[in-house]
Amino acid sequence: MHDVVIRNGLVAAGSGPIRCDVAVAGGRIVALGENIPDGERVIDATGLLVLPGGVDSHCHIEEPAPDGSRSEESFITASTTAFVGGTTTVVSFIPQWKGHGVWERFVDYRARAATGMLDHAFHQIITDPTDAVMQEEVPRIVAEGVRSLKVFLTYDPLHLTDAQYIRVLETARKLGCLVTVHCENYEAIQWRTQRLLAAGRTAPQYHAWSRPPVVEREATQRAIALAELVDQPIQVFHVSCEEAAAEIAAAKARGLKVWGETCPQYVTLTAADMARPDGALFMCSPPPRGGDEHAKIWEMIRRGTLDVITSDHCAFSTSAKTGQDFSTIPNGIPGLAARLPLIFSEGVSKGRISLEQFCALVATNPAKLMGLYPRKGVIAPGSDADIVLWDPKKQVRLTNTMMQHAVDNTPYEGMEVTGWPVATLRRGEVVMQDGVVLAQPGSGQYLARSAYDLVLPRGVTADGFGA
Ligand SMILES: [Zn+2]
């Protein structure tokens, strides 16, 4: 007998939406079909869509700092907010503190993540690619199932020089990892920031002035060129503007293994939001751009230049979003719960993308890029029963309370969406029903990733010299 049977819904299966039953046993989807016999639990999904659970491959959760503090969103609160928004799997970041190794951080972070309810995998941030780290510790972490390295081309004290970035690319190529890149030009932002501060332009709105699209485009172009030199697949994180996306499109057209990510903030927020009295709450990097950029980002999504939409969830309380000027206010906004509703509403409800494209952008493609597919990201026999029952008609005005995250603000406060998750199943268990989270702390599983084809080098370098 099946554990769960979901009836009467429109199922977004891998091959497209079909009206059928979904049977779950042992935490997995075991059958899609008509007239499947009753299970222990029968869920009536009349009027609802049956979607794959969201896979959010870019979330900052419970990152510890050298002073003993950690980011405000714990794995428990992150799990709650994720389930509320229909997301069941996250890939979050293990930090590297400059001057330190990474193995100790991996062990610590894995224990932290085990306290939550989300299924989880990790990116390893590299800020200090020393011999010991790259030759001894990173291979051990890869053997434990971490298959992506994250680098920053900007931010103090995280940014890498080109030489350090090349070293990370070379190591990733050898070990079979994806490299994910924050693309903005460090020196250019420093120069621009100093000029703005000297002119007394210190308010949050000048955050956007300090890092205009050209600094993102330049770093994107450089990140891609160096990846081409080494012949290493990369994913460009959080693309905010058309001109950076155009660099990815050009790389794809040349056959390079380069993928692009964007986030809801780049199709819903604008630089003008940072000029509000509470402008600090909209500060993230790259910054939201002018309103005319939204349509251009949607076009890049439709063309397949931007492959995935993640939240870049990075939550700070209002009291923490302060500084002596814009350059010292912490960057990042929460978005784990709002991601699916915003993209469904702006995308599917408004006719910009199809339901299939939506599922690809928020679940299937992130799972594929991270080596989690087909266990995650798709409704198909054999896959984990991570399922969202979605009311496509429900109209909701977003409030911070609804997000159920650890902080007192959401940049999406007051936005109207059409389409809302009414229940979330993680491995067949109903972990959220009508906004109430039911999962037990500690029930999330670590997803060790093994080698996957997508991160294989092409075997072709820019000069044919080989790597
Ligand atoms: Zn991030």
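Analyst: **Salt bridges and their surroundings**

Arg427 and Asp119 join their side chains in a salt bridge, at 2.6 Å from N to O; the term denotes a side-chain nitrogen of Lys or Arg within 4 Å of a carboxyl oxygen of Asp or Glu. Arg427 belongs to the loop between strand E17 (416-426) and strand E18 (429-433), whereas Asp119 belongs to strand E10 (residues 119-125), so the pair ties together parts that are 308 residues apart in sequence. This is a predicted model, in which local features need pLDDT of at least 70 and side-chain atom pairs count only at pLDDT 80 or more, while totals for chains, interfaces and linings use all residues. Residues are numbered from 1 along each chain as its sequence is written, and side-chain values use heavy atoms, with hydrogens and water left out. Helices (H or I, at least four residues) and strands (E, at least two) are DSSP runs, numbered from the N terminus.

Both Arg427 and Asp119 are buried, a word that means under 20% relative accessible area, with exposed over 50% and partly exposed in between (1.4 Å probe, protein chains only). The two residues also take part in a network of salt bridges that links Arg28, Asp119, Arg375, Lys376, Asp384, Asp386 and Arg427. The structure holds 30 salt bridges.

A second pair involves Asp56 and Arg339, whose closest N and O atoms are 3.5 Å apart. Since Asp56 lies in strand E8 and Arg339 in helix H11 (residues 339-349), this pair ties together parts that are 283 residues apart in sequence. Asp56 is buried, at 0% relative accessible area, and Arg339 is likewise buried at 0%.

Strand E8 has its place in an open sheet of eight strands with parallel pairing, in the order E8-E9-E10-E11-E12-E13-E14-E15; two strands pair if DSSP finds at least two bridges between them. Strands E8 (54-59) and E15 (308-309) stand at the edges with a single partner strand each, so one side of each is left without a neighbour in the sheet.

Glu218 and Arg222 form a salt bridge with closest N and O atoms 3.0 Å apart, and both lie in helix H7, four residues apart, about one turn of the helix. Glu218 is partly exposed at 31% relative accessibility, whereas Arg222 is buried at 17%.
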